[in-house]
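Trainee: Could you take me closely through one part of this model, beginning with a single side chain and its surroundings, and then turn to the aromatic rings?

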Amino acid sequence: MIDRVFAIRGLLLAVFVLMAGNGFMPTLLAMRMEGAGASAPVVGFMASAYFFGLVVGSLTLTGVVRQVGHIRTFATVVTVLSSSTLFYSLYQNAFLWSLLRLTDGMCVAGVFICLESWLNHRADAQSRGTILAAYMIALYSGQAVGQFLLGLDTGVMLPFVVSSILVSLSTVPVLLTKIDSPPLPDDGEHLSLRALYRTSPLGTAGTALTGVMMGAFYGLGALYARRQGFALSDVALFVSVVIAGGVALQWPLGHLSDRMDRRLVIVLVLASIGVTSLVLALLTDHLVIFGMGALFGGFVFSLYPLCVAHANDRLTASEQLSASSVLILLYSGGAAGGPLLGSAAMAAFGARGLFLFMAALGLGGLGFAMWRMYRTDAVAEEDQQPYQILPRTTPAAAALEPASQSSDDAL
């Protein structure tokens, strides 16, 4: 398994470098708009544009890959992403920047489709989980480390230039890779959203809820920290701490969910999101905010894979791969709406409105989860699918899940 991970080191390096270069852009753009006096809804609209672009790119760029191949598609979308990054520095306008964020989202979707197709092509039944874990480490560590590039923001174009350089350099390990290109993707049949909800209401609703919360945080978390009086370096640290907390708690919570009724863990996570969000909304001490931010990240990042695992517990092996693709799109759709709703809460209640909104979502989800536990019986422990940390990128990532191997075998 180690040999297979070593063989894809170039792809993992590309993910890390690209996320280091592009992962801090939401924070940087929110801070620039904040400095220009933009309202929270304006910042939220700009953030939503990115996630909408991610959905559009996920649905359309597979066709481009099918026509011209992975290498050409990857080089094209990264080139456009690098150019878009420089374009921000030329003229600051909310509408223009929203169009650029839409473009960024589509390009990043293309990057994920290409890289995840490559990774899936190199994975087998024994190495799939290891490759997925390595991919997640590269993705999140690049995103967390990249936040500290916010310190380059001195009011000039330097951070945009550095971001563009890193994004461009991410093409080097991919264009020089000796790994064979994967087969061009085929159109597959997807489980309908209605059928998926009938099978697993909590898994489906929880996935959409996670998207709303994560979209709101990524789009507005930096704005919340800034309006709480954080220095620019502390804003970057706050976002990084939330991401790090998200990575740290996923395995323990997943391990727990494999050994009991998974819905109880989902209830625990939703209740914890509600409590940590209320603390973040009501208290202003910076040390408390960092601590609660780490816990909030741990719980909210864990909710998506818990909900997917719960849905898989109630699906047949042949349904799991197509269901995962639908759930990723559902998550992305929720993420597109999250910044708009979160910014409305901030406009009404100030900076604390973001986490009052999160608390309402967490407690509302808690009520729904408890109602579903009352209405249906638990899945027997021996019938539960193993928990797996999952990327929330594009439907191409669904094929990386270990469950997808059993789905293929079932077919």
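Mentor: The side chain of Ser 200 reaches the backbone nitrogen of Gly 203 at a distance of 3.2 Å, in what is, please keep in mind, a predicted model. Ser 200 itself is found in the loop between helix H10 (193–199) and helix H11 (201–227), and because its relative accessibility is 0%, where buried means under 20%, Ser 200 counts as buried. Leaving aside residues up to four places away in sequence, Ser 200 touches His 310, Ala 311 and Arg 314.

Turning to the rings, the count of aromatic pairs comes to 17. One of them is formed by Tyr 88 and Phe 160, which are stacked, with 6.0 Å from centre to centre and 20 degrees between the planes. This pair links distant parts of the chain, since Tyr 88 lies in the loop between helix H5 (70–87) and helix H6 (94–122) while Phe 160 belongs to helix H8 (residues 158–169), the two being 72 residues apart. Both Tyr 88 and Phe 160 are buried. The rings of Phe 230 and Phe 238, by contrast, have their centres 6.1 Å apart and their planes at 65 degrees, so that pair is edge-to-face; Phe 230 and Phe 238 are buried as well. Phe 230 and Phe 238 also belong to one aromatic cluster, whose members include Tyr 140, Phe 217, Tyr 218 and Phe 355. Finally, a charged side chain meets a ring where Arg 372 lies over the face of Trp 371, at 5.1 Å from the ring centre.

How values were computed
Residues are numbered from 1 along each chain as its sequence is written. This is a predicted model: local features need pLDDT of at least 70, side-chain atom pairs count only at pLDDT 80 or more; totals for chains, interfaces and linings use all residues. Side-chain values use heavy atoms; hydrogens and water are left out. Rings of Phe, Tyr and Trp (its six-membered ring) pair if their centres lie within 6.5 Å; planes under 30 degrees apart count as stacked, over 60 as edge-to-face and the rest as tilted. Helices (H or I, at least four residues) and strands (E, at least two) are DSSP runs, numbered from the N terminus. Buried means under 20% relative accessible area, exposed over 50%, partly exposed in between (1.4 Å probe, protein chains only). A charge sits over a ring if NZ of Lys or CZ of Arg is within 6 Å of the ring centre and within 35 degrees of the ring normal. A polar contact is a pair of N or O atoms within 3.5 Å; within protein, one must be able to donate a hydrogen and the other to accept it, and residues adjacent in sequence count only if both atoms are side-chain atoms. Contact means heavy atoms within 4.5 Å.
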